[in-house]
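Please open the model in your viewer and keep the selection panel at hand. The tour moves from one selection to the next and says what is to be found at each.

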Amino acid sequence: MTKTVNTTPYTDQKPGTSGLRKKVPVFQQPNYAENFIQSIFDSLEGFAGKTLVIGGDGRFYNREVIQIAIKMAAANGFGRVLVGRGGILSTPAASHVIRKYEAFGGIVLSASHNPGGPTEDFGIKYNIGNGGPAPEKVTDAIYAHTKTIERYKIADVADVNLDAEGEQQVAGMTVQVINPVSDYAELMETLFDFPAIRAHLAGGFRIVFDAMSAVTGPYAKEILENRLGAAKGSVLNFVPLPDFGGHHPDPNLVHARALYEEMMGENAPDFGAASDGDGDRNLIIGKGIFVTPSDSLAMLAANATLAPGYAKGLAGIARSMPTSGAADRVAQKLGIGIYETPTGWKFFGNLLDAGLATICGEESAGTGSSHVREKDGLWAVLLWLNILAVRKESVVDIAREHWTTYGRNYYSRHDYEEVDSAAANGLMDALRSQLATLPGRKLGDLTIEMADDFSYHDPVDHSVSNNQGIRILFKGGSRVVFRLSGTGTSGATLRVYIERFEPDATKHDVDTQVALADLIEAADALAGIKERTGRTEPTVIT
Ligand code: VG1
Ligand code: CO
C-alpha cells in the first residue's frame, strides 16, 4: 500500500519569509511538491503515530497537494491527520487546531496575499507543535534535505473524500475531516465580549467586511453575521474561489480599493475591514480614516484590556523591525517589554512561548496575539469591534486621541515589484557598502544618526539572524528602511519603509505622503532607486 519513489533534487526549494512559494506550474513539475514535503518529514524526528494538521487557503492546486500530503503522511508513519473540510483551514485556524489537538505539527498550503490560479502562486509551509511557522533552524534543515533528496514515500491508495466530515482510514492512518470554522469561532468567543459587540451592532453600528473571495469568507460569515448578528450582507465576497475572482487577495489600499472608497464616502458604514488569501492579515478602515497596520497594533495594544481575553494586561509587545515605533510608545507607557524582530511571524514564536509578549504585529497588515502562533486577520477585526463596543466612540476619535497622547508616527511603505533581481541586489549591496560612512551625513534638513543592516539576537534561544534589512535612522526619530521581499515569485520586490514621528498634535492632519516627502526624497538619494530600478514610482504604496 506504500511505495517508495525515486526522485532527484530541485535546486530552488529554499523557504522564504513564509514557506516555499512558487508559481503553480513550478509546483506541478514531477515530484516537486513531493520532494518538498518529504524534505519536511526528513528534517523532523519523533512523529511516528502522532497527529499532523493539514489545510490550505483553497487556492488553485490546493486539493491536489492536500491529497499528496495526506498520502505521504500515511506512508511516513503519522498516526492521524486532521484536515479541514474541502481542504480548507485559514492560517490562524490551522495554528489553533495544531495547538488545541496537540498535534506534532501542520502543513499549511498558502501563498497568502499573492494571486491564485493555474499560472499564479502556490505555497507550502510547515508549522511546528506550538502552532507557529517553523523557525529558521527547521527551514534550513528542510532546505538542506531538498538538495540531497533521492526518494519519497507515498501511500498508493485512492483519493480521500475531503468533503464529508468524519473519520476515514488511509493506509493504516486515520484521517479526520473537521469543520474548518467551529474550533476557531469557539476560541474567538473566549477572547472577546461577544454580547457587548452584538449589542453595539444591534444598536445601529454598521460594519462591512470584504473577504476578497478568499479563505476568511466562511469564518467571517459565521462569526460576524451568524454569531454577532451583523446585518446580512455585511460580509462581502465570502465564497472562497480558487483564483480569488482574478484579484490579488491583498487587503491594502490598492487591492481593496472599493472598500476604501466606500469607507471614505458620504454614507459610509462605521467600520470596514478585509483579510487576505489565507486569513492572517487585516485591513482596518474607520468611517473616513484608514488606520495603518503599525498604528492599529499600537491602538489595539493600548486598549486591549477592554477585551476579556486580555483584561489581565499584556506581558509585552513585539513588532517586526520595519513596523513603526508607535507600539513602542504604548509599551513604554504601560511599562511592559517591547521586542523588535525581523520580518516574518516565525520570529514571534519564541517570545510568545516564553510569555514575554502577548500582542505582536507587522506593518504588512499582520496583527495577532498569544492565542495562536500566526497573525490573525479576524482576531484583529474582533478586537477592534470589542474596543469600539466598549468605548462607544468612532474609529477616528480613538485614533486622534491616541495620537494626542502618544504622538503620531507617520508611516508608509513603497513597494517596487518585479524589479530585475540583479538591480535590486546591486542597490542593497551599494547601500550596505556605504553604511559605515553614513552617520553624520546631511540630506536637506535631515541628518543621519545611525545606519546598519539589522541583526536579531533572539532573547530566548539566542539564535542570531543577520542581514534583515538596512536601517537609516535620522536625528529626531525619523527613519528609512530598505529590504527585499522574501515572498515574491518573480523578480525581486524592493520594499522601502518610511517613518516620521510627530509629537505635535496640531500637525496630525497632514497627508501621509506629504508628511514624509523629504524622507522619500532622501531614500531615493541614498539608494538611487530610480536610477537602479528604472522605475519612476512605486508599484504599490501602502
Ligand atoms: C511579507 C511581509 C511580512 C509577512 C510575510 C508573510 O514578507 O512583509 O511582514 O510576514 O509577507 O505574510 P516579505 O518578505 O515579502 O516582505 V502572508 O500574509 O504570508 O502570510
Ligand atoms: Co497571509
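This is a predicted model: local features need pLDDT of at least 70, side-chain atom pairs count only at pLDDT 80 or more; totals for chains, interfaces and linings use all residues.

Residues are numbered from 1 along each chain as its sequence is written, chains are lettered from A and ligands numbered from 1 in the order in which they are written, and side-chain values use heavy atoms, with hydrogens and water left out.

**Domains**

Colour residues 2-179 as domain 1, 184-406 as domain 2 and 408-541 as domain 3; these bounds come from an automatic or database domain assignment. Between the centres of domain 1 and domain 2, taken over C-alpha atoms, the distance is 28 Å.

**Where domain 1 meets domain 2**

Now show the residues in contact (heavy atoms within 4.5 Å): 33 residues of domain 1 touch 33 residues of domain 2. The two domains bury about 2,400 Å² between them, 58% of it on carbon and sulfur atoms, where buried area is the accessible area (1.4 Å probe) that two parts lose on being put together, summed over both. Select Pro-92, His-96 and His-113, which supply 23% of the area that domain 1 buries against domain 2, more than any other three residues.

Which salt bridge can be picked out with Glu-374? Select Lys-125 as well, for Glu-374 forms a salt bridge with Lys-125, and their closest N and O atoms are 2.9 Å apart. A salt bridge is a side-chain nitrogen of Lys or Arg within 4 Å of a carboxyl oxygen of Asp or Glu, and two of them are counted between domain 1 and domain 2.

**A pair within the chain**

By this rule the count comes to 35 salt bridges. To view one of them, select Glu-189 and Arg-227, whose closest N and O atoms are 2.9 Å apart. Side chains of opposite charge can pair when their charged atoms come close.

**The ligand**

Finally, select ligand 1 and the 21 residues around it, each having a heavy atom within 4 Å of the ligand. Thr-17, Ser-112, Ser-364, Thr-487 and Arg-495 come nearest.
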